[in-house]
Amino acid sequence: MSLLQTTTARPAVRPATRPWSDDPFAEAMRTGRGPLWLRRADGGRHQLDVERWCAPPDAADRSLLLRCLATGHPVLDIGCGPGRLVTELLARGLPALGVDITRAAVLRTRRLGGAALCRSVFDPLPGEGRWGTALLADGNLGIGGDPTALLARTAELLAPGGMLLAEVEPGEADERLTVRVEDATGWCGPPFRWARLDATAAARCAAEAGLTECERWTVRGRAFVALRR
Ligand SMILES: C[S@@+](CC[C@H](N)C(=O)[O-])C[C@H]1O[C@@H](n2cnc3c(N)ncnc32)[C@H](O)[C@@H]1O
């Protein structure tokens with residue numbers, strides 16, 4: 001191969017090493033625009049609602065925010081993305097902190113006036129065992145691909161009697177899968193483990209993790225459960 005060929009050769013896909021923080025999701029957090037999908041190993045895909053996440057809270061989000069405000073306790077938003085929930089809670093006077101592994105999402109949250117740390121939920125976090133409320137919104141029960149482990153970690157973060165508000169799949173779902181974030185150009189990030197759970201599957205994993213279901217509700221096609229430590 002000639003030197004010219006070597007220096008002008010380009011990889012077919014842009015290199016990406018870390019899911020979320022170094023793939024099309026990070027780029028979407030910079031631009032605020034989708035579309036993006038979670039591409040499954042079996043070829044199927046699930047849309048990621050980037051534009052909704054970058055917009056002000058909608059009616060379903062408000063159903064979460066009202067429950068946070070009703071308790072009046074500090075809120076930890078796990079996988080906060082661009083931070084619409086954290087920002088709104090702080091604007092309404094409730095202490096709230098987002099955590100997210102994607103730096104571009106954390107920066108976007110801070111630009112909106114929210115507070116967020118660039119850290120994994122499985123890393124040491126401030127206030128462990130003292131959070132009154134935790135959020136896993138927008139499918140974040142899937143983080144790590146092992147919902148029982150994620151729920152057990154969340155239980156550790158909560159104060160005794162603390163509450164987790166989690167979004168679940170509105171249809172029947174109880175699956176562990178390998179996915180990649182993909183954009184409209186076909187650019188795919190690296191594979192990672194994910195999970196999709198409906199309310200019944202979430203309640204079962206929650207019980208294994210020491211959390212008790214106390215409420216289920218749906219708003220405009222989005223479904224949620226409340227779980228208490
Ligand atoms: C499905 S998106 C949900 C986005 C979000 N709730 C919003 O409003 O944009 C998943 C989010 O979780 C974050 N994430 C993935 N793994 C994480 C981890 N181990 N700890 C914290 N955040 C994580 C991603 O960076 C991404 O922002």
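This is a predicted model: local features need pLDDT of at least 70, side-chain atom pairs count only at pLDDT 80 or more; totals for chains, interfaces and linings use all residues.
Pro35 is found in the loop between α2 and β1, the strand at 36-40. Now show the backbone between Gly34 and Pro35. The peptide bond joining Gly34 to Pro35 is cis, and its omega is near 0 degrees. Most peptide bonds are trans.

Next, select Trp20. Trp20 lies in the loop between α1 and α2. Check its backbone: phi is positive, about 65 degrees, although Trp20 is not a glycine. Most residues other than glycine have a negative phi.

The whole structure holds six aromatic pairs. One of them is formed by Trp20 and Phe192, and this pair is tilted. Draw the two ring centres: they are 5.3 Å apart, with 50 degrees between the planes. Which parts of the chain does the pair link? Distant ones: Trp20 sits in the loop between α1 (3-8) and α2 (24-31), while Phe192 belongs to strand β9 (residues 192-197).

Now go to the ligand. The space taken by the ligand is the largest pocket. Select the surrounding shell, which has 18 residues. The closest are Pro82, Arg84, Asp100, Thr102 and Asp138. Colour the shell by class: nine residues are nonpolar, five are polar and four are charged.

- Gly79: a backbone N or O atom lies 3.0 Å from a nitrogen atom of the ligand.
- Val121: a polar backbone atom is 3.0 Å from a nitrogen atom of the ligand.
- Thr102: an N or O atom in the side chain is 2.7 Å from an oxygen atom of the ligand.

How much of the ligand's accessible area does the protein cover? On its own, the ligand has 600 Å² of accessible area, and the protein covers 96% of it. Display the protein surface around the ligand to view that cover.

Notes. Residues are numbered from 1 along each chain as its sequence is written. Side-chain values use heavy atoms; hydrogens and water are left out. A residue is near a molecule or strand if one of its heavy atoms lies within 4 Å of it. A polar contact is a pair of N or O atoms within 3.5 Å; within protein, one must be able to donate a hydrogen and the other to accept it, and residues adjacent in sequence count only if both atoms are side-chain atoms. Accessible areas come from the Shrake-Rupley method with a 1.4 Å probe; for residues, only the protein chains shown count as cover. On a 1 Å grid over the protein atoms alone, a cavity is a set of points where a 1.4 Å probe fits but cannot get out, and a pocket is an open set with protein on both sides within 12 Å along at least five of seven lines; lining residues have an atom within 4 Å of a point. A molecule sits in a cavity or pocket if more than half of its atoms lie within 2 Å of its grid points. Ala, Val, Leu, Ile, Met, Phe, Trp, Tyr, Cys and Pro count as nonpolar, Asp, Glu, Lys and Arg as charged, and the others, Gly among them, as polar. Rings of Phe, Tyr and Trp (its six-membered ring) pair if their centres lie within 6.5 Å; planes under 30 degrees apart count as stacked, over 60 as edge-to-face and the rest as tilted. Helices (H or I, at least four residues) and strands (E, at least two) are DSSP runs, numbered from the N terminus.
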